[in-house]
Amino acid sequence: MRTTAASGGSLVGRDVEIAVIDELMRGARSGRGGALVVRGEAGIGKSMLLAHARDAACDARVIRASGVEFERELPFSTLHQLCVPVLDQLADLPARHADALRVAFGLEPGTPDLFHIGVATLGLLAAAARARPLLCLVDDAHWLDAASSKAMAFVGRRVADEPVAMLFALRSTVSGELQALPGLDVGGLSDAEARTLLAARRHLLLDDQVLNRLLAEARGNPLALLELPAAGGFGPPETTPVPTRIERSFQTRLSGLPGEARRLLIVASADPTGDPHLLWAAARLSGIDVPTASAAAATTGLVRFATGIRFCHPLARSAVYGAASADERRCAHRVLAEATDAADPDRLAWHRAQASVGPDDGVAAELERSATRARARGGVVAAAAFLERAAELSQDPADRIGRTLAAAQAALVAGRPDRAAALVGAVEHTALGASHLAELDLLRGQVAFQSHRDDSGPEFMIRAGRRLAGPDPERARRCLLDALETSLLVGRASGVQDLVLTAVRSMPATGPRPPDILDALSLLDAAGHRTAVPVIRQVLDGPDGPGWTGYPALALMLAGEMWDPDLYLATVRWLERTGRESGSPLLLRLGLAQRASYGTLCADLGLATASIAEEEAIADATGGPPLLYHRIHLAAVRGRRAEALALFEDAMVAATTSGSGLLTGNIDWASAVLHNGLADYPAALTAARRAVADGALFLASFSLPELVEAAVRCGDSATAAVALESLTERADASGTATALGIAAYSEGLVTGSEEPYRNAVAYLERSPLVTYRARAHLLYGEWLRREGRRRDCRPHLRTAHRVLSGAGFDAFARRAAVELRATGERPRRRSPHTYDQLTIQELHIARLVAVGATSNEVAAQLFISPRTVDTHLRNIFRKLGITSRRQLRDRPDLGS
């Protein structure tokens, strides 16, 4: 329950909020950092709560920043503002992290290392907090640039083990990364609290009727309560929002000001930097008598002229800017442009753009160059904004269309499909040539792919290909491949291959050319694997190196379709290397997820869990949800029913929400593997049927051996025979030891003959997919025991049990143990493994430390602070009953 105790007069009724903020600071003082987002409408008192935190943190170092409406397009501008006071700590950071921040802040040339900016900022703040706790205050966080918002949200999520408190103030109507942090909603004051606040202003003498009207109009907003009486009167309650009425009250203070003072305020409102040197220079260029005008402007209480120019409230800035005429704003931006240093070309271009009356190709070109610089610094949101304004100022229609489409593409990359759709809509009724029409359709398709409720993406991208079939057939085929690749990357590939191949068949024939991936897929669809696989290999190998680097997701699917682990691993390594070198989270996360699946199939639990942990860390660092399919693969093969089914359920929710047919297919395959391991063959049969019927590349092939085994165990010989025939065709076409071995043990299941089992074991000895090798031994051992050959079956069952239990694949290992016991042999019970006791992240940290990594090196890889690594290590030591890093190195199950 609130009390009406006043704290400084303007914190009436905020005891609950103050208590929460004070608790945040107590935590930071004891080394338990945290972040808090204070949310509420404009004028509700968020800034006052931040001021209370600043005043109460007498024993802490305080740094602060404020989002600026006009700087939302400049990447890392607010993060730089926050970090400037502690940049002397850069020397304490690893070189890679220090360089990442220098580049992001424009202190050095280069492209920002987007993966490491968040953890570099965390390290910088932690270093600054070594001597005493650190309080970071970020006001007007709803106006943060996108790059700063992501970095600060990352730090807010990871700061728990540092003596750092972060306090953000933003408007409750704003969405974004910061909203995921712990929040504190600030509402309006009660009537009693409002009366107490007004009573503290002794100069306000209000009769009851006026007081009641004021309370009704202010609706508990403290700034409105204090500002509306100063506006010189107010009418009956209005339906317009409270901030709008407050802005109007600020605007009334402008009336009666001398012209030069009013112009000075307008110039100040148009400058987001608050730099007095810039303001005075711009004012003089405008012919303003600075001393006289600034003295008059200061009497309004709207602005304070000191070492920095600060308006009394963000609404005051917007009120002044909003009250100015269009001509007055343009004049303000013109003089600011003239006064801006040429060393700041982006802000210079922005002011020139705002000062432009009509089309100006010169300014448009400057903005396009600013977009290029912003993109190079990771500011894709800024690039989109610069390009959009450049398009507005472009006189030539072709330039205008090209820049609008480029802005839409940048908006897509920035994860803003709605804005991209609006930009596409702005030009779709314009007279466009074939090239621009195709580009428009490609963008429409990409927008649709990013929208979970829009299935028109393939249609638009295929239409782009058809438009270009005549004038540019090579590009037309790339459009079709882009449709297929994009559908795979977003997990919505169901039916897309059929649509693409139909479009290929309808395109006019071209002259002689080497076959491409579309030709190979067409052959696969029309003639089957025996005919298509040689062409697929020819295309993927390519005369000049791998031909799949432009379509790595498709290459992975084809590698799985051909049961080719070497091609699969080569693609995974390329994705990881290219993702790290280019800074692409998409490529790197895809590579890590596929590496985790490869580790699972190779019975390398350490590789699988390390890859999962790193993928999750990058997802968190870049503000995205972690991928799921590689986790369900591991859960299925490990055979822990409750854990796996819970994960399947989460994945199905995600698949339904996102429309991801591929994720659904992965769940079916994983469910078939899980239930075959658990010997629940009816459930495995149902899941495998669904996976094979879907026909998806990779998943259908990998589900065939599960379908054969489940059908045989359920007595469905017809289904088993059909599945074996399809699997055998694939294996014969592939010719890899993996494919031939899996097809051979499947043949043994169907025919009941010994030779296929013996062939399977021999083939799979040459395969890196140890999981399938162990299953071949298991199936052969089971068959031998049922044939009454106890002595012959035991070596195979022992091998299966040793490999499967050693990898932690409990369900299949239990099957081997049951068979061994049936022969009269008691299988050795495995001792608890490290990976049974630790979380995935803890296991990865333990493995890294076991091979000699320092806390700083682990922190850099997992995007956490060294202190957080040490916290995890304490938990690891406790769970494993050890006390030192050396003891971790002595554990054989942590070998890399």
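This is a predicted model: local features need pLDDT of at least 70, side-chain atom pairs count only at pLDDT 80 or more; totals for chains, interfaces and linings use all residues.
User: Why are helices α21 and α23 called roughly parallel to each other?

Analyst: Helix α21 (residues 434-450) and helix α23 (residues 473-489) pack at an angle of about 5°, with their axes 11 Å apart. Angles under 35 degrees count as roughly parallel, and α21 and α23 are therefore placed in that class.

User: What makes the contact between α21 and α23, and of which classes are its residues?

Analyst: On the α21 side the contact is made by Ser435, Glu439, Leu442 and Phe449, while α23 contributes Arg475, Cys479, Ala483, Thr486 and Ser487. Divided by class, the contact of α21 with α23 has four nonpolar, three polar and two charged residues.

User: Why is the pair of Trp280 and Phe305 called tilted?

Analyst: The ring centres of Trp280 and Phe305 are 5.5 Å apart, and rings pair if their centres lie within 6.5 Å, so these two count as an aromatic pair. Their planes stand at 50°; because planes under 30 degrees apart count as stacked and those over 60 as edge-to-face, with the rest tilted, this pair is tilted. Trp280 belongs to helix α12 (residues 276-285) and Phe305 to strand β6 (residues 303-305), and the pair links distant parts of the chain, 25 residues apart.

User: What makes up the lining of the largest cavity?

Analyst: The largest cavity, with a volume of about 100 Å³, is lined by 14 residues, of which Leu601, Val637, Trp669, Val673 and Tyr772 are the closest to its centre. The elements that give two or more residues to this lining are α29 (585-601), α31 (629-638), α33 (661-677) and α39 (770-786). By class, the lining divides into eight nonpolar, four polar and two charged residues.

User: Which residues line the second largest cavity?

Analyst: Among them are Trp563, Asp564, Tyr568, Leu601 and Phe698, around a space of about 70 Å³. Helices α27 (552-561) and α28 (565-582) are the elements that give two or more residues to this lining.

Methods: Residues are numbered from 1 along each chain as its sequence is written. Side-chain values use heavy atoms; hydrogens and water are left out. On a 1 Å grid over the protein atoms alone, a cavity is a set of points where a 1.4 Å probe fits but cannot get out, and a pocket is an open set with protein on both sides within 12 Å along at least five of seven lines; lining residues have an atom within 4 Å of a point. Grid points are joined across faces, edges and corners, and a volume is the space filled by probe spheres set on the points. Helices (H or I, at least four residues) and strands (E, at least two) are DSSP runs, numbered from the N terminus. Ala, Val, Leu, Ile, Met, Phe, Trp, Tyr, Cys and Pro count as nonpolar, Asp, Glu, Lys and Arg as charged, and the others, Gly among them, as polar. Axes are lines fitted to C-alpha atoms, for helices over the stretch in contact, and angles run from 0 to 180 degrees between N-to-C directions. Angles under 35 degrees count as roughly parallel, over 145 as roughly antiparallel, 65 to 115 as roughly perpendicular and the rest as oblique. Contact means heavy atoms within 4.5 Å. Rings of Phe, Tyr and Trp (its six-membered ring) pair if their centres lie within 6.5 Å; planes under 30 degrees apart count as stacked, over 60 as edge-to-face and the rest as tilted.
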